[in-house]
Amino acid sequence: MTALHTVVVGCGHAATSFHLPAIADLVDAGLASGNITIVEPTDVNPADLPGSPVLRRELAAAADPDRTVVHVCTPPAVHVATVMAAHRLGYRKFVVEKPMATTVFDAECLIRLCRDGDTELFVVANWTASLLTDRIRRELGLRRDVEVREIAVTQFKPRLERTLGNSAHTSALDVEMPHMVALALSLIDGPLAAVGAATSDLVVGEHRQHDMGSASIALRSADGVPLWLHSDLTAPWRERSIRVDWADGRRLVGFYPCGSDDRYAQLFQGSLAGPMAGPELFYDDTVRRFLQAVYSYFADRGPKVGCDVHFGAAVVEIINAARQLGPVTAMPADFVRGNRRLP
């Protein structure tokens with residue numbers, strides 16, 4: 001198939017900081033045509049956007065649906081409505097920002113939509129496309145005969161200004177946690193169950209934004225492996241990290257890139273008693289790797305990506321189950337400090 005056209009619905013942070021720069025690279029790789037349309041009802045200056053896109057206030061009917069990928073970068077609450085509207089106009093290839101939906105009912109609506117066999121949808125889960133994640137999967141495979149004692153995934157970043165100025169999210173469970181749940185699902189064979197969860201408020205002076213300070217989820221695999229996920233949106237530092245501990249004392253700690261200014265990952269390996277060897281450094285542009293895999297599949301040049309509509313629905317189910325649970329219990333004492341202090 002020839003290079004694919006692109007329609008981006010919504011022109012907020014995700015579109016301008018991640019999708020559009022990555023699409024520019026896909027043009028260079030011959031996967032995207034450079035024919036980019038942005039659908040955004042508010043005023044946007046095209047000079048501020050990469051790729052010289054065409055701007056529209058409303059989505060128009062698909063002129064060439066077989067060669068067009070729709071990126072849904074609207075607020076999560078309207079993801080389903082956006083996909084449905086685009087589908088009625090003839091579009092059949094979708095990339096949807098996380099979370100794919102905010103309710104299990106909405107996720108099931110998207111599953112039914114894709115049952116026609118002609119519609120395919122992938123949810124953005126770029127941590128699963130990371131080179132660091134590939135390395136961790138390889139280690140888990142090589143050591144599959146050794147019991148995994150626990151896995152801890154942490155994310156810290158100051159998101160104060162965006163949270164205070166944007167009401168698109170109403171819970172920290174919907175900001176970074178979808179990426180973290182997706183990562184956990186991609187590492188563990190079989191289902192994961194939420195067994196505990198908690199959120200905290202963002203408090204700035206006398207202003208309080210409920211549930212937007214931090215979020216934690218405790219998961220268990222089918223064979224009893226605990227997975228701890230913690231996202232702090234008020235932290236004064238940036239960190240995206242994962243720690244895997246095995247029953248024989250082996251430990252692996254990985255740090256994902258935290259922003260577009262530096263896309264290098266770091267991997268440390270050693271034992272619980274220390275010291276840790278590393279870091280091993282490698283370039284890891286997760287968004288570009290993810291979108292390149294999706295476009296390659298849509299263009300009949302690569303295998304199907306794992307983060308399809310069913311995968312997205314599993315993430316939604318876990319997060320919505322977590323909303324109904326009580327506080328996380330038995331959280332590792334050092335967990336909320338992250339992995340910066342290596343043994």
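Strands E12 (residues 250-256) and E13 (residues 264-271) pair in the antiparallel sense over 6 bridges, where pairing takes at least two DSSP bridges between two strands. Within this pair, Gly 254 stands opposite Leu 267 in E13. What you're looking at is a predicted model, where local features need pLDDT of at least 70, side-chain atom pairs count only at pLDDT 80 or more, and totals for chains, interfaces and linings use all residues. Residues are numbered from 1 along each chain as its sequence is written, and side-chain values use heavy atoms, leaving out hydrogens and water.

**The 8-strand sheet**
- This open sheet runs E8-E9-E10-E7-E11-E12-E13-E14, with mixed pairing.
- Its edge strands are E8 and E14 (277-283), and each pairs on one side only.
- From one strand to the next, the twist averages 15°; angles run from 0 to 180 degrees between N-to-C directions, and axes are lines fitted to C-alpha atoms, for helices over the stretch in contact.
- Helices (H or I, at least four residues) and strands (E, at least two) are DSSP runs, numbered from the N terminus.

**The 6-strand sheet**
- Here the order is E3-E2-E1-E4-E5-E6, an open sheet with parallel pairing.
- E3 (54-56) and E6 (120-123) are the edge strands.
- E4 (residues 68-72) is joined to E5 (residues 93-96) by 3 bridges, and Val 70 has Phe 94 in E5 as its bridge partner.

**Helices H4 and H6**
- H4 lies across E7, E11, E12, E13 and E14, at about 165° to E12; contact means heavy atoms within 4.5 Å.
- H4 (residues 131-142) and H6 (residues 177-187) pack at an angle of about 35°, with axes 10 Å apart.
- Thr 133, Ile 136, Arg 137 and Leu 140 in H4 meet Leu 183, Ser 186 and Leu 187 in H6.
- That contact has 4 nonpolar, 2 polar and 1 charged residues (Ala, Val, Leu, Ile, Met, Phe, Trp, Tyr, Cys and Pro count as nonpolar, Asp, Glu, Lys and Arg as charged, and the others, Gly among them, as polar).
- H6 is mostly covered, with 10 of its 11 residues buried (under 20% relative accessible area, with a 1.4 Å probe and protein chains only; exposed is over 50%, partly exposed in between).

**Helix H8**
- The 15 residues of H8 (residues 309-323) should span 21 Å at 1.5 Å a residue, and the end C-alpha atoms are 21 Å apart, so the two agree; the expected span is 1.5 Å times one less than the number of residues.
- Buried residues of H8 include Phe 311, Val 315 and Ile 319.
- H8's buried residues pack against H3 (104-114), E6, H6, E8 and E9.
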